[in-house]
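Opening the notebook on this one.

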Amino acid sequence: MEGKQSGSAEQKTVTELKAVSEEPYLEDKDAAAGGAEPAVAVDDVLSRPLGPTPSQSRFQVDLVTEGFGRPAEAAEKAGREVSMLGKSSEEAKGRFRVNFVDPSAGDETSGESGGGSSEGGNVSLQNGGDAMLNEGSLHSGGRHHHHHYYYDTHTSTYYLRTFGHNTMDAVPRIDHYRHTAADLGEKLIRPSLAELHDELDKEPFEEGYANREEGMPTGEAVATYIPDSKGIVKFGWIKGVLVRCMLNIWGVMLFIRLSWIVGQAGIGLSVVVIAVAAVVTTFTGLSTSAIATNGFVRGGGAYYLISRSLGPEFGGAIGLIFAFANAVAVAMYVVGFAETVVELLKENGTMMVDEMNDIRIIGTITVVLLLGISIAGMEWEAKAQIVLLVILILAIGDFVIGTFIPLDNKKPKGFFGYKAEIFMENFGPDFRNEETFFSVFAIFFPAATGILAGANISGDLADPQSAIPKGTLLAILITTLVYIGIAVSVGSCVVRDATGNINNTIITELTNCTTAACKLNYDFSSCQTGCQYGLMNNFQVMSMVSGFAPLISAGIFSATLSSALASFVSAPKIFQALCKDNIYPGFLMFAKGYGKNNEPLRGYLLTFLIALGFILIAELNIIAPIISNFFLASYALINFSVFHASLAKSPGWRPAFKYYNMWISLVGAILCCIVMFVINWWAALLTYVIVLGLYIYVTYKKPDVNWGSSTQALTYLNALQHSIRLSGVEDHVKNFRPQCLIMTGAPNSRPALLHLVHAFTKNVGLMICGHVHMGSQRQAVKERLSDLAKYQQWLIKNKMKAFYAPVHAEDLRDGGQYLMQAAGLGRMRPNTLVLGFKRNWRQADIRDVETYINLLHDAFDIQYGVVVIRLKEGLDISHLQGQEDEEDGKTPTQSLLKKGSKGPSSPLNLADQRLLDATTQFQKKQSKSNIDVWWLFDDGDAMFSDTVLNSGQNAGLTLLIPYLLTSKKKWKDCKIRVFIGGKINRIDRDRRAMATLLSKFRIDFSDIMVLGDINMKPKIENITAFEEMIEPFRLHEDDKEQEIADKMKESEPWRITDNELELHKTKTYRQIRLNELLKEHSSTANIIVMSLPVARKGAVSSALYMAWLEALSKDLPPIFLVRGNHQSVLTFYS
């Protein structure tokens, strides 16, 4: 709000306000009316810190009443004592305005310091805390160019009131929704949910900060400086859009070729040609209007509209070719202008050199003048466009007047005035010289390609959302009517063929006349061998018909120069917007703007050079259809953008322009593609190839932008619909996929685990990286939120097709349960839990071991399969990682994992170096070796079933994972060897049975080995080593009193009892024996995949089970211990 204040010194310095109480205003009416409460100076109120306000600023606080809109009354009321607030509560409502001025900008006059200047911007604090930027304050700058700062009081509403109550909540206002670099004002930051919801860290007024960390002022991001806007030129819808579009659409086609089109196609089909072109442009205009009104439009025209709708891939491709098309179009229009001038010079016999070089000379001079006008600024360019439009309208009027003045000396040239005979004769087509409807349409349509002239300078429009729809659609309507009117007029006045010879007049009346000319007493029958006049032969028909021919020439000059000037301005503006987005990093230098209007001077020079190059070539007949197709490709994508956005049903797609339809936009896109081939088929194909090539390039480069495109919205919609559809379908064994939940912690801390699992889930199944945050809930929640974006981005950068799922829990087991029960969506849920082997279990807290083993039990309870992966060097490299590099989000360890890296500044010890080497081994192509599958099923009692053929029902996951690995490029050279248990007396039978099963499963294998000695007793030294390993975990109850032993077992359930050890002695020996066989047969394998032994819950202690896994998997190549959920994952049925 703005208004003049009274100029008293007291008002300049301070205005007294009623003391702010903790109760709502005027709750105690008697006390308020009695005036018992003393008035408090505003300095006392504002002495409490307001965040980062300029400490030396002079504050001006003014009452705002309901009658504030009337300057005189507002000034009078603003100067009253604050005691009037109580009496005038119905008017004041506790509203006031705060304005403070940077003292470094110099002193202001008394009137200005009062905040009353209409040029300066003020902040109104309404309802005790509603800071509102009014329209006048969007751009600051008084008469003395002082810097005005505006402070968002919502982040310090401890000192203010919203709706009469103390609260940090911010009322709705536009500045909370701005981009950080918004043109019309800075983004203000509303209080975060944590600030409103969390417990306060400190007292509200302590050190001037409200619930923020020390050193971070409350309003740091919202004490905004609004730059001086004086001198910026912005255009309205008439001058900025309507005029430009009309000038671009009314090209030389109107004066030179339209009469020829009428002669070829006739009046009827000419109107159809114009109407079809109008339909295409109208559909595109409607689509442009829809996109332009779906949010604030910045500079960039077609590029901005397409890129923000379809994303940077399509936008980057179209932006580059559209800018290039506009630059070459400058040359086309300038050459058209130069050719007209040269024709006039030829008629007067004043050629400079020869026809071709004269065109080059005149074209060069013209494009230099256009460069000068453009560099002079948009205001000069707009004035030039107005002058050219006036000349163009006068030329059209000159033609219309001329049609009503048929002169006898023009009749031999075919002009007879409006005659029904001529209209009837010219109504039908008369195609000659192999012309067709489509060829004539192809010649006319480029005249209609100027509809984006206004949108192309969207950054220079005062209100693009209103100007683009009104100006574009009205320009299409006016120009279409004018084209149709002139086509009908010229077709009704001029015959197709005329000799221009006055001697062809018919003196005697003929009875067998068949042509209109004959009926009008002229014999043009000799034109069968060729004539110079008439619609078919003379391109200067409009000059001949007009009342004053030089004005038509002026109109031709105006049409060509205006189109050239519009293209000269459009190309740099589009290119500058493209370069600002850094889609093509090599062009970043052209993003720089100069002056108040951010003029792309470098872009102007580049456009000048491109145009000059094509002018000097002076052969534009080949390039012209390509340029037309470039324009049409842009129109097609604009139409498709609207269809795509509507199809995606994004809540953000809310155009203010309602007169559009997604299907009409789709038809418009298809029509544009058809017209491209009608104009020139090879140019259309070339355009598609160029757009596709640029699209692939931008997609490959993956520019770091996120504009909320309809592509993202449609991707989400498709994913949602397919997920819901999939949920209604029962699982089938043929479609089983390993969908893995990996307990990675931070994904970059166990890269080997990720790469191994990614090797068999990539493009096959789901992969979720589970991370359990433990400890303080408040801190864990903050870490979880920050890690979610960081680690998901890490996965994407490392080309991991996986999701990151963090949870907060008291311990790992609870977190694992949460993830196993809640991770995933619909049918896309994990079915397999993957863990790294707990390598340090003997040194770790035994409670952590208990948690680890219980996590396996929980997985089996929830019907998950389990995979335990072990590398003898280990998996966890988190101890080697330093601090995150904030710039690219990569850790020093990641640089170690790259080929050719020199390593960290301090050398690693041997163990750590081996760990890093082991971590990287799965990122490269695997050598020709074996994947050994030990397909053993342990149900708790028997090692292997006698009926091998039935085993696929239970644990096919052990075989499926190796098959999936070998289907990947990095593992394709590896062969599968299968090891099974058996008896010596039936080795051949077991081998044949397994071979039969594998052939039914269609799984290639290199060898099958039956282990007949699997049940032999292990070596004594290995048994001794096992006993030494478990000794610290044994209870030894036989050596203790029964009561003490029972208490120890109750308090430490992980202890291994003597009874338990004896009961499971056979199973213990089996694990030790299997380790011996693994070392004997698979020590050189790339990977070992083996059945995971299952411990019966409650019967086997955690320490013993962990010892089994240790004994089974120690000192081996990378090993997968796999146990499916005993449901079918393989089938040999079709």
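This is a predicted model: local features need pLDDT of at least 70, side-chain atom pairs count only at pLDDT 80 or more; totals for chains, interfaces and linings use all residues.

**Entry 1: one serine.** I looked up Ser489 and got 15% relative accessibility, so it counts as buried (buried is under 20% relative accessible area, exposed over 50%, partly exposed in between, with a 1.4 Å probe and protein chains only). Ser489 sits in helix α17. Leaving out residues up to four places away in sequence, I find Ser489 touching Phe399 and Tyr418; contact means heavy atoms within 4.5 Å.

**Entry 2: ground rules.** Numbering starts from 1 along each chain as its sequence is written, and side-chain values use heavy atoms, with hydrogens and water left out.

**Entry 3: the whole chain.** I count 39 helices and 18 strands in the protein chain; these are DSSP runs numbered from the N terminus, helices being H or I with at least four residues and strands E with at least two. Of the 1134 residues, 52% are buried. Taking contacts between residues at least 6 apart in sequence, 79% join residues at least 24 apart.

**Entry 4: a helix pair.** Back to α17 (residues 464–493), which packs with α9 (residues 237–249) at about 35 degrees, the axes 8 Å apart. Axes are lines fitted to C-alpha atoms, for helices over the stretch in contact, and angles run from 0 to 180 degrees between N-to-C directions. On the α9 side I noted Trp237, Val241, Leu242, Cys245, Met246 and Ile249, and on the α17 side residues including Ile468, Leu474, Ile478 and Tyr483. What is the make-up of this contact of α9 with α17? It divides into 12 nonpolar, 3 polar and 1 charged (Ala, Val, Leu, Ile, Met, Phe, Trp, Tyr, Cys and Pro count as nonpolar, Asp, Glu, Lys and Arg as charged, the others, Gly among them, as polar).

**Entry 5: the sheet.** Next I traced an open sheet of 10 strands with mixed pairing, in the order β11-β10-β9-β12-β13-β18-β17-β14-β15-β16. Two strands pair if DSSP finds at least two bridges between them. β11 (803–808) and β16 (1007–1011) are the edge strands, each pairing on one side only. Ignoring direction, neighbouring strands are turned by 20 degrees against each other on average.

Entry 6: I picked β12 (residues 832–836) and found 5 of its 5 residues buried. Thr832, Val834 and Gly836 point one way, Leu833 and Leu835 the other. β12 pairs in the parallel sense with β9 (residues 740–743) over 3 bridges, and Leu741 stands opposite Leu833. With β13 (residues 865–870) β12 also runs parallel, joined by 5 bridges, and there Thr832 stands opposite Gly865.
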